[in-house]
Amino acid sequence: MHEVSHQRVKTNGIWLHIAEQGTGPLVLLLHGFPEIWYSWRHQVSFLANHGYHVVAPDLRGYGDSDSPVSPTSYTVMHLVGDIIGLIDHFGEQQAFIVGHDWGAVIGWHLALFRPERVKGLINLSVPYYSRNPNAKFAESLIRTYGDRFYISQFQEPGRAERAFARYDYLTVIKKFLLITQTDNLIAPPGMEIIDYLRTLSRLPPWITEEELQVYADKFQESGFTGALNYYRAMDLNWELTAPWQGSKITVPVKFMVGKNDLGFEVSGVRQYVEGNIFRSLVPNLEIVILDGHHFLQQEKHQEVSEEILLFLRKFPAE
């Protein structure tokens, strides 16, 4: 089996860096915040060794991919367009899509906008919600949780960047990737979320100092603005997705979430995921709840890899 190879691909007017391994049906692995392709390192090799062509991009604004300056360049239309361009680049009509966090948001919207390009969808951590016609997403979160909520603090250009700059890059990455709290990410009054997040004195067994340094080095090169611009485009997304109001996800879906993920137990997310509304919006749905936190594909990489493979094997080879 060939090792992971790297290249930059022109798609949707920008260059994306991709990591790639294997031959067979195309599987795209889409990371979230604050990550890079490397978050899928376990799944890339696992799936490639089981007969799949696995591609994990650095999403726009991340890692070695282009990082447009304006938040208006980070709408779901742009993000979905990037992935359509990748599928086209490989000469495929369809691909399997696997998304985590913001990657899951892209996966849901790709299946919503262009279902004919998605053979099957596996999303982690972020379920699909129908668009609320009466409230912009970021605005409604700010009204609900106030200025102390992390998404609220990420809205103003420069604010989070200045707060993050009080720490070295490795510490910022540790504060996010090693989160163990299960309630919503809300800072105490007058405090920035990065100051509120703990720095663990001992690493968990699923990640090493060297692996964390890979993230830190990449963010030291790219900065965090591109990653934060996803949040700054949220209300623009609300406006752009109006034509799909009330639309369902029609492709086959497996949804995975950690029972200790942020807000899963306290914000009604578990009730939503296990209830009828989610299933009515995503009729062809399988749900898996794992004993883990937010960054499941790393913390529970063997279980996640095997769950992905089980889903992929439901589709006969062409």
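# Close-up views of a predicted protein chain

**View 1. Pro34 sits in a loop with a cis bond.** Pro34 is found in the loop between strand S3 (26-30) and helix H1 (41-48). Helices (H or I, at least four residues) and strands (E, at least two) are DSSP runs, numbered from the N terminus. The peptide bond from Phe33 to Pro34 is cis, and its omega is near -15°. Most peptide bonds are trans. This is a predicted model: local features need pLDDT of at least 70, side-chain atom pairs count only at pLDDT 80 or more, and totals for chains, interfaces and linings use all residues. Residues are numbered from 1 along each chain as its sequence is written, and side-chain values use heavy atoms, with hydrogens and water left out.

**View 2. The whole chain gives the setting.** The protein chain has 15 helices and eight strands. Its C-alpha trace spans about 55 × 45 × 40 Å along the principal axes. With 318 residues, a compact globule would have a radius of gyration near 20 Å; the protein chain has 18 Å, which agrees. That radius is taken over C-alpha atoms, and the globule rule is 2.2 Å times the number of residues to the power 0.38. Of the 318 residues, 57% count as buried. Buried means under 20% relative accessible area, exposed means over 50%, and partly exposed lies in between (1.4 Å probe, protein chains only). Take the contacts between residues at least 6 apart in sequence: 75% of them join residues at least 24 apart. Contact means heavy atoms within 4.5 Å.

**View 3. Helix H4 has buried residues on one face.** Helix H4 covers residues 137-145, and its buried residues are Ala138, Ser140 and Leu141. Seen down the axis of H4, these residues fall within an arc of 160°, so they line one face of the helix. The arc is that of the directions from the helix axis to the C-beta atoms. What covers them includes helix H5 (150-154) and helix H11 (234-240). Gly146 follows H4, and its phi is positive, near 80°.

**View 4. Glu239 belongs to helix H11.** The place of Glu239 is in helix H11. Glu239 counts as partly exposed, at 41% relative accessibility. Leaving aside neighbours within four places in sequence, Glu239 is in contact with Arg131 and Lys136. Now look at Pro133. Glu239 and Pro133 are 106 residues apart along the chain, yet their C-alpha atoms are separated by 9.4 Å.

**View 5. Ala56 is a buried residue of strand S4.** Strand S4 (residues 53-57) holds Ala56. Ala56 is buried, with a relative accessible area of 0%. Neighbours within four places in sequence are left aside here. Ala56 is then in contact with His17, Ile18, Ala19, Leu29, Trp37, Trp40 and Val44. Leu290 lies 234 residues from Ala56 along the chain, and the two C-alpha atoms are separated by 23 Å.

View 6. The loop between S4 and helix H2 (76-89) contains Asp64. Asp64 counts as partly exposed, at 28% relative accessibility. Not counting residues up to four places away in sequence, Asp64 touches Arg8, His17, Asp58, Lys218 and Glu221. His294 is 230 residues from Asp64 in sequence and 24 Å from it in space, C-alpha to C-alpha.

View 7. Most residues other than glycine have a negative phi. Asn12 is not a glycine, but its phi is positive, about 55°. Asn12 lies in the loop between strand S1 (5-11) and strand S2 (14-21). At 40% relative accessibility, Asn12 counts as partly exposed. Ser125 has a positive phi too, near 80°. The loop between strand S6 (118-124) and H4 is the place of Ser125. Ser125 is buried, with a relative accessible area of 9%.

**View 8. Glu156 touches two arginines.** Glu156 is found in the loop between H5 and helix H6 (159-164). Its relative accessible area is 42%, so Glu156 is partly exposed. Leaving aside neighbours within four places in sequence, Glu156 is in contact with Arg162 and Arg232. Ala317 is 161 residues from Glu156 along the chain, and their C-alpha atoms are separated by 47 Å.
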